[in-house]
Amino acid sequence: MIICIKSSKQSSTGGKRTKNMRILHTADWHIGQRLHERQRTDEHEQFLAWLLGIIQEHQVELLLVSGDIFDTALPSSDSTNLYYRFLYRLFDETDAYTVITAGNHDSARHLEAPREFLEMGRIYVVGLADDPAKCIFTFPRDTPRVAVAAVPYLSEGDLRHLSYETEVDRNERYREWLKTFYADCVSAMPAELPKILMGHLFVQGGEIGTSERNVQIGGATATHAGDFPEDVSYIALGHLHRPQTIDGTDYPIRYSGSPIPMRFNEIGYRKKVYLLELSDDGALTRDEEIEIPVFKELCTIEGDEASVLSDAMTGDWDDKYIQVKLKLTTPAVGIGDEIRKAFSDRSGDVLSIEVELPETQQGPTIPVEDMKRPEEIFEQFYKSNYDGSTPDETLTQTFSELVRIVEESQ
């Protein structure tokens, strides 16, 4: 069985600028992320070029990026260069304003270090947030039509320590802190302007995959949809990698998700950005998802040795990342190398091979009188677990070499 993530056609519904404010919501770029140690700079570069084209095509006036710009707090020079080259093109080739917030993967101080310089290019970055009023921006700057609360990731570790506080109490205090922070943000926003809140956090009801790290799932730590203030037009979130909308309010609370699949288990995700049009009275007159093309196909191949090798020799694997789930009845020495070469011969790149063997019964009981040489015990163990078959010569030699190494170390 073969599962691949397929390329998709992008939306093309641009047009003349209207009086409504056009806004694009994205998040969780994770520039610098690796997939089984494969660098993905090319994919991120293609995504950012595509994103720039979407901004130009739809005449976007405001870009929102809700956290996790980088995959690590200390991004490489290649990742940093890619980020700043994109910001320069955004300034040079569009008229859009941009708001960027730090996520839990980012270094807040590193991200906002050039804050004053970037503001000259219509780019507003918030990494640290000790005062809600400092998170508020209005756009366009000369004749404001929308107010944005650029709230970065707020760590529970920033809470003041209280002696004898239980974990449940601390979680509840963290939730109340977030609730109060957003309420204070709305209070600091001009009352007459439509309001958008940004955030990088987990909201109860969100669907979590396995590629998110440091996500609090349950209990009081999760923010509830009802914790956000009223009189808001849209909440642009980051943190969860599957695009989704959270129920519970009369305005959208939305995760845009990551732009490229972070793991093979995200093959089924349709990656998106969200295009909004906001009227002067705060109504969303347009709320459209734009599917992101697949820049590198991820494929999962499942089956026994014969079927996997057959797929390798007959399929088109050019420029694909491949995960193999191999079902074996007995261990097979060297099968991994054989599979990788078979796919490589057709330009495929196998990143992971997961081997599934039948469940074994309880290990054999070997009488003391039968305990002679370790190789004999190993052979008896092997036969009892693999239907009486004898281990091949390579495996036996490997075991003997391990025994020799252990004996010499004693």
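Colleague: In which strand is valine 125 found?
Modeller: This is a predicted model, in which local features need pLDDT of at least 70 and side-chain atom pairs count only at pLDDT 80 or more, while totals for chains, interfaces and linings use all residues. Residues are numbered from 1 along each chain as its sequence is written, and side-chain values use heavy atoms, with hydrogens and water left out. Strands (E, at least two residues) and helices (H or I, at least four residues) are DSSP runs, numbered from the N terminus. Valine 125 belongs to the run 123–126, which is strand β7.

Colleague: Is valine 125 buried or exposed?
Modeller: Buried means under 20% relative accessible area, exposed over 50%, and partly exposed in between, with a 1.4 Å probe and protein chains only. The relative accessible area of valine 125 is 0%, so this residue is buried.

Colleague: Which residues are in contact with valine 125, leaving aside its neighbours within four places in sequence?
Modeller: Contact means heavy atoms within 4.5 Å. Once the sequence neighbours within four places are set aside, the contacts of valine 125 are Tyr83, Ile100, Leu111, Glu112, Arg115 and Leu118.

Colleague: Which residue in β10 is the bridge partner of valine 148?
Modeller: Strand β9 (residues 146–149) pairs with strand β10 (residues 195–200) in the parallel sense, over 3 bridges. Valine 148 has as its bridge partner in β10 isoleucine 196.

Colleague: How many residues of β10 are buried?
Modeller: In a regular strand the side chains alternate between the two faces of the sheet. Lys195, Leu197 and Gly199 point one way from β10, and Ile196, Met198 and His200 point the other way, all of them buried. Strand β10 is therefore largely enclosed by the rest of the structure, its buried count being 6 of the 6.

Colleague: What is the handedness of the crossing of α1 and α2?
Modeller: The axes of α1 (residues 41–57) and α2 (residues 77–93) come within 11 Å and cross at roughly 15°. These helices are therefore roughly parallel to each other, a term for angles under 35 degrees. A crossing is left-handed if the near helix is turned anticlockwise from the far one by less than a right angle, and right-handed if clockwise. The crossing of α1 and α2 is right-handed.

Colleague: Which residues of α7 make the contact with α6?
Modeller: Helix α6 (residues 305–314) and helix α7 (residues 335–344) pack at about 25°, with axes 8 Å apart. From α6 the contact draws on Glu305, Val308, Leu309 and Ala312, and from α7 on Ile335, Glu338, Ile339, Ala342 and Phe343.

Conventions. Axes are lines fitted to C-alpha atoms, for helices over the stretch in contact, and angles run from 0 to 180 degrees between N-to-C directions. Two strands pair if DSSP finds at least two bridges between them. Angles under 35 degrees count as roughly parallel, over 145 as roughly antiparallel, 65 to 115 as roughly perpendicular and the rest as oblique.
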